[in-house]
Amino acid sequence: MTFIDTHTHLYREYYPENFEEVVQRAIDADVTQMILGCVNSETPAQINDAVSIFPDNMFALVGLHPEDTKENFEEELALLEPHIDDANVIGIGEIGLDYYWDRTYEKQQQEVFYRQLCWARDRQMPLSLHIRNAYSDAIQILQRFKPGELSGVMHCFSGGIQEAEWAVNRGFAIGVGGVVTFKNSKLQELLPKIGLEHIVLETDAPYMAPVPHRGKTNESSYIPIIAQKLAEIFQVSLSDVADQTTANAHRIFTKLPE
């Protein structure tokens with residue numbers, strides 16, 4: 001039984017005192033592959049550090065996060081794009097729109113989102129999408145592309161059933177993390193309507209730790225806790241969740257070694 005954490009930020013920056021120990025805990029918990037999200041032009045160096053130590057377990061994304069999109073977005077994109085060709089890169093992300101805290105750079109976010117979607121389309125690479133309080137605008141931009149041109153994961157999904165159905169009909173999986181373990185999570189009612197065949201596991205570590213670690217530093221070793229909650233929701237075994245979500249991740253991130 002193995003698991004894949006399809007979205008984590010397991011860098012030394014967040015775990016300066018015990019980075020290697022944290023990664024090893026994940027591997028010991030059968031989380032054998034971890035996909036590292038990118039947020040700005042400084043992230044690839046951190047990712048390369050992690051991959052150099054755990055080359056069989058760590059894989060990279062490249063992208064400019066919407067919250068990191070400022071006046072200098074042209075410079076950031078120019079610095080990031082060459083990293084798409086790095087050997088350990090398997091997708092574009094995390095990219096998208098985020099209107100939750102600040103809408104100052106809303107138009108820049110939309111421009112950056114579209115241009116990075118073009119990166120993915122032109123290179124036939126999967127996406128890790130960050131969308132928060134912006135599903136209407138995000139879907140409008142995504143619909144500028146033909147069905148089948150884009151695929152990937154709706155990371156940390158926070159939409160409703162209409163957004164979820166639109167996503168899976170367009171070839172996207174729903175990324176489920178620690179939020180599903182929260183007592184009043186709407187995901188517990190939504191996910192059965194989508195089906196386990198459209199779900200992948202993620203932690204978004206060091207953020208959003210699942211119960212019983214809520215409020216503490218998250219890590220990829222907690223993936224089995226999230227998987228166990230899905231087993232309860234779908235009334236299947238933990239092994240069934242592991243097998244299906246791992247197969248889903250491999251279907252999307254085709255460069256992941258089997």
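Colleague: Are α7 and α8 roughly parallel or roughly perpendicular to each other?

Modeller: This is a predicted model, where local features need pLDDT of at least 70, side-chain atom pairs need 80 or more, and totals for chains, interfaces and linings use all residues. Residues are numbered from 1 along each chain as its sequence is written, and side-chain values use heavy atoms, without hydrogens or water. The axes (lines fitted to C-alpha atoms over the stretch in contact, with angles from 0 to 180 degrees between N-to-C directions) of α7, residues 187–194, and α8 cross at roughly 70°. Since 65 to 115 degrees counts as roughly perpendicular, α7 and α8 are therefore roughly perpendicular.

Colleague: Which residues of α8 make that contact?

Modeller: Contact means heavy atoms within 4.5 Å. From α7 come Gln188, Leu191 and Pro192, and they meet Lys229, Leu230, Ile233 and Phe234 of α8.

Colleague: At what angle do α4 and α5 cross?

Modeller: Take α4 as residues 106–123 and α5 as residues 135–142; their axes come within 10 Å. Phe113 and Tyr114 of α4 are among the contact residues, as are Ile141 and Leu142 of α5. The crossing is at roughly 35°.

Colleague: How far apart are the end C-alpha atoms of α9?

Modeller: Helix α9 has 15 residues, 238–252, so at 1.5 Å a residue it should span 21 Å. That agrees with the model, where the end C-alpha atoms are apart by 21 Å.

Colleague: Which helix do the buried residues of α9 pack against?

Modeller: Buried means under 20% relative accessible area with a 1.4 Å probe, protein chains only, and in α9 that includes Val241, Thr245 and Ile252. The buried residues of α9 pack against strands β1, β2, β6, β7 and β8, and against helix α8.

Notes: Helices (H or I, at least four residues) and strands (E, at least two) are DSSP runs, numbered from the N terminus. The expected span of a helix is 1.5 Å times one less than its number of residues. Buried means under 20% relative accessible area, exposed over 50%, partly exposed in between (1.4 Å probe, protein chains only). Angles under 35 degrees count as roughly parallel, over 145 as roughly antiparallel, 65 to 115 as roughly perpendicular and the rest as oblique.
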